[in-house]
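Please open the model in a viewer and follow the stops below in order. Each stop names a selection and then describes what is found there.

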Amino acid sequence: MAEKLLILGSNSFSGAHFAAQALTHGFEVVGISRSAEPDALFLPYRWQSRPAFEFHQLDLNRDLDRIMAVIEGFKPEYIVNFAAQGMVAESWDRPEHWYRTNFLSATALHERLRNNSHLKCFMQISTPEVYGDCVDVVSEDAPLRPSTPYAVSKAACDMNLRIYHRQYGFPAITTRAANVYGPGQPLYRIIPRTILAIKKGVPIALHGGGYARRSFIHIQDVCEAMLLLLKSGYSGEIFHLATAEVVSIRQLVSAICDKLRVRTEDFIRESAARPGADSAYLLSTVRAREQLGWQAALNLDRGLDLTIEWYLQNLARLSSMPDSYQHKE
């Protein structure tokens, strides 16, 4: 009998890819998101023929009772929570929305799940933003120094899961991944935004000149690590998912320009740094390597090639779609 997986935030970029990966590994999957399913172009599980996938449009902030009814009927062994207010700069505009979704509603979910007898693993998708600015490479035990409302909301959720594990034995695992990218990412994210800007012949603005440094990891590598974690039996631990390659946003955009054979200086425009912007996130992946035998397989150069190829193949459809972030409470 197929094992059962429930994904909160299944419409998200990472959630939709993880659903697809889980389906190929034989899981029966139920997805929940607050919005209706978007265009299938952004849902990799819909790229498969007849996936064993069931979708429910429910909002963690407003529909917890209905979500719990789905969980109690489906009885999943595994739950993965991608549901979140995810934008960093925008979290300064309405921080209460970020605190409500990412912490208060998530905590209410933890409380309703803590006596669930069939749950083997609850995986929380967190972020390296909780560390604030990283001067050196940090381990999973590094102090939390969040510098934006988004980061505060995610750190609070992580801390709640930590005490729930200690107090109740709640079977939680937390992942903090570097900047995830790949086919089907929303068009307002830096890689697709750069590709589309180049093809449209318009400049792209880089906050603070694009000198912040980041590690970029392909969604394929992230999903493979998450599947290993679900079956690992670990509980109460945090795992970093990243690569050793660190580039500035400006270098990333330049690499895309080179691959599309345009001059970087024709497309880059500098803009003011966003409030609370951290200059670098540098994550150690020793724990994932030693305890899971995992390391990222795709380097940035190859990952960009695959990603650019997908966006160019779908350029006609993508060019007519909205490419800016639309906030929902």
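**First stop: a glutamine side chain**

Select Gln 85 and Lys 328: the backbone oxygen of Lys 328 lies 2.7 Å from a polar atom of the side chain of Gln 85. Such a polar contact is a pair of N or O atoms within 3.5 Å; within protein, one must be able to donate a hydrogen and the other to accept it, and residues adjacent in sequence count only if both atoms are side-chain atoms.

This is a predicted model, in which local features need pLDDT of at least 70 and side-chain atom pairs count only at pLDDT 80 or more, while totals for chains, interfaces and linings use all residues. Residues are numbered from 1 along each chain as its sequence is written, and side-chain values use heavy atoms, with hydrogens and water left out.

Gln 85 belongs to the loop between β4 (78–81) and α3 (95–113); helices (H or I, at least four residues) and strands (E, at least two) are DSSP runs, numbered from the N terminus. The residue is buried, with a relative accessible area of 2%, where buried means under 20% relative accessible area, exposed over 50%, and partly exposed in between (1.4 Å probe, protein chains only). Next, display its contacts (heavy atoms within 4.5 Å). Leaving aside neighbours within four places in sequence, Gln 85 touches residues including Arg 34, Trp 98, Tyr 150, Tyr 325 and Glu 329.

**Second stop: helix α5**

Select residues 190–200. Eight of the eleven residues of α5 are buried, so the helix is largely enclosed by the rest of the structure. Among them are Ile 190, Pro 192, Thr 194 and Leu 196. The buried residues pack against β7 (179–181), β8 (204–207), β10 (216–218), α7 (249–259), α9 (300–313) and α10 (315–318). Just after α5, Gly 201 takes a positive phi of about 75°.

Colour domain 1 (4–180 + 217–241) and domain 2 (183–214 + 245–319) separately; the bounds come from an automatic or database domain assignment. Their C-alpha centres lie 23 Å apart. The contact takes 45 residues from domain 1 and 33 residues from domain 2.

Together the domains bury about 3400 Å², 60% of it on carbon and sulfur atoms; buried area is the accessible area (1.4 Å probe) that two parts lose on being put together, summed over both. Select Leu 41, Phe 42 and His 218, which supply 17% of the area that domain 1 buries against domain 2, more than any other three residues.
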